[in-house]
Amino acid sequence: MFDALASSFSSLLQDALPSSSTAKLTPSNIAPAIAEIKAALDSSDVADEVSSKLLRDVEAAAIGSPLVDGVGPDKLFVKVFYDELVKVLGGDPGNPDDQSLPPAPVARRGGGEPTVILLVGLQGGGKTTFAAKLAKYLQAGEVDVAESLKLPADERAKTLTTALPKTNRKVLLAACDVYRPAAAEQLEIVAARCGVPVYRGAEDGSEDGDPAKIALGAIRRAKEIGADTVVVDTAGRQETNEGLMEEIRAVKRAVRPDEVLLVVDAMTGQTAATVTASFNAAVGLTGACLTKTDSDAKGGAALSILGVSGAPVKFLGTGEGVDDLAPFFPARAARQILGMGDVVTLVEKASERVSEKDAQRTVDKMK
């Protein structure tokens, strides 16, 4: 998904950066790089307001950055751009765990009550398939952030994400799309491949046609079978409309979800950000999940969603298989986009050496 952006920035970082002999970063010597960044963002369908803010933040941070011993202005600019890119994507460039621990983990409810995750989105975005993928991920692949943070920092840094402690949830899927023909059957088929049970409504038919009642019934069933998480798959529409939003609001009022996740097609470009903003305004989102990221999507949606809605990207759908779901790591994405992780690492290590020297000078003065 980020290949187009990476290609654009590859030429930028070769041709438009300030000269390595430049004494400091100034508005004039970073202007060519800023212009190239803008062109790359525009061509990748990044929302205008997000692009403008990113450019302002990069310029402000670059001009105010002190030079670091052993690091030229060109490499310093790359590091500044990387830091701001991580922030736009929802990460913290100063967090060493951002490479291994998801910065936006899925909520977990305490008190013995099942966690409820409400999925929303337009028709055709891959929501039903995503519901089953998410259930499987929560059962077998979700990193237990709290337990992982108990490990020593150096051990966490050396441990593959797949080897970190897992939550191993027990999940129940709720089939609350009562409009699309065979929607519940589709969910059952995909869920069976993931080994996850599906609740379709009360056997006596008392919940038929009412998504809110089905969702509540799923929570009761979860308690009966010992499931600790309920993933609610709701109906989509061809476009956002008040009827859809009111139905989702009714389900939300009934089940009081811990997460409201929007499932959105990455190939829709700037429309993905617009749809996210619309859903967020109507029902309040806690996160977004991009599907079809293995396609020719330009990557602009991932950069835009947090900025236009305040909801972080939490997952990427990376293929058609039930295992093709990955938590979103902003720092990893930023390094992939820039294609210059070695430069970022160089500047980080140089900055650490400078900090150590400053600390030692402070200690010497206190003697």
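Predicted model: local features only at pLDDT ≥ 70, side-chain atom pairs only at ≥ 80, totals over all residues.
Numbering runs from 1 along each chain as its sequence is written, and side-chain values use heavy atoms, with hydrogens and water left out.

**Around Thr229**
- Thr229 sits in strand β4 (residues 229–234); strands (E, at least two residues) and helices (H or I, at least four) are DSSP runs, numbered from the N terminus.
- Thr229 is buried because its relative accessible area is 0% (buried is under 20%, exposed over 50%, partly exposed in between, with a 1.4 Å probe and protein chains only).
- Leaving aside residues up to four places away in sequence, Thr229 touches residues including Pro114, Leu138, Arg169 and Val171, where contact means heavy atoms within 4.5 Å.

**Strand β2 and its partners**
- Six of the six residues of β2 (residues 171–176) are buried, so the strand is largely enclosed by the rest of the structure.
- One side of β2 carries Val171, Leu173 and Ala175, the other Leu172, Ala174 and Cys176, and all are buried.
- β2 and β4 run parallel, joined by six bridges, with Leu172 opposite Val230; strands pair if DSSP finds at least two bridges between them.
- β2 also pairs in the parallel sense with β3 (residues 198–199) over two bridges, and there Ala174 has Tyr199 as its bridge partner.

**Nonpolar cores**
- The largest nonpolar core has 73 residues, and those touching the most other members include Leu41, Phe77 and Val232 (a core is a set of buried Ala, Val, Leu, Ile, Met, Phe, Trp, Tyr and Cys residues joined through side-chain atoms within 4.5 Å).
- Helix α4 (residues 73–88) gives this core its largest share, nine residues.
- A second, separate core of 26 residues includes Val106, Leu134, Ala135 and Val231.

**Cysteines**
- Zero disulfides turn up in a search of the whole structure (a disulfide is a pair of cysteine sulfur atoms within 2.5 Å).
- Cys194 counts as buried at 9% relative accessibility, and Cys289 does at 0%.
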